[in-house]
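Here are a few notes to read alongside the model. Have the sequence and the 3D view open as you go.

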Amino acid sequence: MRLCIIGTGYVGLTTGVCLAHLGNHVICIDRDADRIEQLKKGIIPIHEDGLAELMEESMVGERLEFSKSFSYGVTNSDVLFITVGTPSLSDGDVDLTAVKEVAQDIARCMDGYKIIVNKSTVPVGTQKLVTGIIEKGLSSDTGFDVLSNPEFLREGNAVVDTMHPDRVVIGADNMEAAKVLSGIYAPMGGRIMFTSPESAEMIKYASNAFLAAKISFINEIANLCEKVGADVSEVALGVGLDSRIAMDFLKAGLGYGGSCFPKDTRALVRFADGHGCSLKLVKSAIEINEMQRLRPIQKLKDSLGQMAGKIICVLGLSFKPNTDDIRETPSLDIIREIKKLGGRVKVYDPKAMPNARKVLEEVEYCTDAYQAARDAHALILVTEWEQFKKLDPVKLKKLMKRPIFIDGRNVYDADSMIELGFEYYCIGKKDYGWPGNAK
Ligand code: UGA
């Protein structure tokens, strides 16, 4: 099939590369000319395991090209995928500007029947909105169908998730068009599910909101565990072994960040409010998450008293491991709070420092975790990168001015850390818990 991917962010680029890998001819377009020039040279603007290899293979095989020309992409393709950003507006609503502009551009360039597939995360009703915009903008009476096909890939795991989906949701009014799209996805496996466009759009928000709520739920239970002597890791295992609940997304920590859960939960709440429906559970998940990420600050205040002049080492800037994405990451909120209280911050992240430098000044960027720990009065482990799981605690302790270790992702063994002489705090365990609970 001849496919056009509109927007080369995480979703667009990964989708384009994977569909080219499966033998389709794919044109990825983006209005960001610099980005397209880089991609033409094989330079990928994001960190995603396995993507570079697949991209090179498809470029060499001439199945994948990049262009900044909208009309080139549209006229040379049968199926167009919309994969542009839908960021948050300041009031939490979703900003559909990019989707609407793409719809107008598609209408302007269409030269025959096209299937238009929306993969961007959009509220219920957007498939109809896009259909209306294209109908209005068309200069001929060319036919088209707009399908809703939400994306479920995770950053850092994008290629594997795309190539091996749990499910593919296709929301369509026209079953013929839906079958064309399911044929494109068929080689990937995974259950293909046909729904109305409205249900498909809702499935995306409901999935993200459920996962966010699951994380906030276990974090709330973790906070209670600290007070009553239970261990949240044992609790999560015991709860998650119930197949109706399942183990995934029961890792207590400093909460969720990223470009999806925070934005999508806010958008869902706003959307529901606008329809006279208050989503109390989702609102609570958001509130719990906002508090959870700042728990290390209270610990620092309790342990160090005055923060002025104290050096705090922060390990991890990305919102989760294996990505360089710092959008809505807990680290930034933690660092800003430390700075506000007069503390000095030394940071290290294996991949996310170039992105952090664009928004975060007046912190000391270090070359590794040990350099970041040198002379620190406390260390906060925020992102559980593999390399942070294998640090040498003895070396860290020697380097630090005061061995306060705040393990925001429960990576280290509490007993061993205490034995080594750390003032060790983690999440959801009584003896090593947070303010008021410390041994
Ligand atoms: C999420 C969804 O998992 C994808 O299915 C979806 O396609 C994507 O949003 C999106 O809407 O585009 P992503 O944001 O890439 O994917 O990352 P996740 O792996 O889901 O993690 C999100 C956050 O939850 C991270 O900050 C992670 O540290 C946190 N998390 C995750 C926990 O705190 N505990 C857990 O047990 C799991």
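This is a predicted model: local features need pLDDT of at least 70, side-chain atom pairs count only at pLDDT 80 or more; totals for chains, interfaces and linings use all residues.

1. Residues are numbered from 1 along each chain as its sequence is written, and side-chain values use heavy atoms, with hydrogens and water left out.

2. Start at the ligand, which has 20 residues around it, with Phe-152, Leu-153, Glu-155, Lys-204 and Asn-208 coming nearest (a residue counts if one of its heavy atoms lies within 4 Å). By type, this shell holds nine nonpolar, three polar and eight charged residues (Ala, Val, Leu, Ile, Met, Phe, Trp, Tyr, Cys and Pro are nonpolar, Asp, Glu, Lys and Arg charged, and the others, Gly among them, polar).

3. Now look at the ligand's oxygen atoms. A side-chain N or O atom of Lys-204 is 2.6 Å from one, and a backbone N or O atom of Glu-155 lies 2.7 Å from one. The protein buries 90% of the 710 Å² that the ligand exposes when taken alone (Shrake-Rupley method, 1.4 Å probe).

4. Next, find strand β10 (residues 344-348): four of its five residues are buried, so the rest of the structure largely encloses it (buried means under 20% relative accessible area, 1.4 Å probe, protein chains only; strands are DSSP E runs of at least two residues).

5. Lys-346 is worth a click: this β10 residue is the bridge partner of Cys-313, and it also stands opposite Glu-364 in β11.

Technical notes:
A polar contact is a pair of N or O atoms within 3.5 Å; within protein, one must be able to donate a hydrogen and the other to accept it, and residues adjacent in sequence count only if both atoms are side-chain atoms. Buried means under 20% relative accessible area, exposed over 50%, partly exposed in between (1.4 Å probe, protein chains only). Two strands pair if DSSP finds at least two bridges between them.
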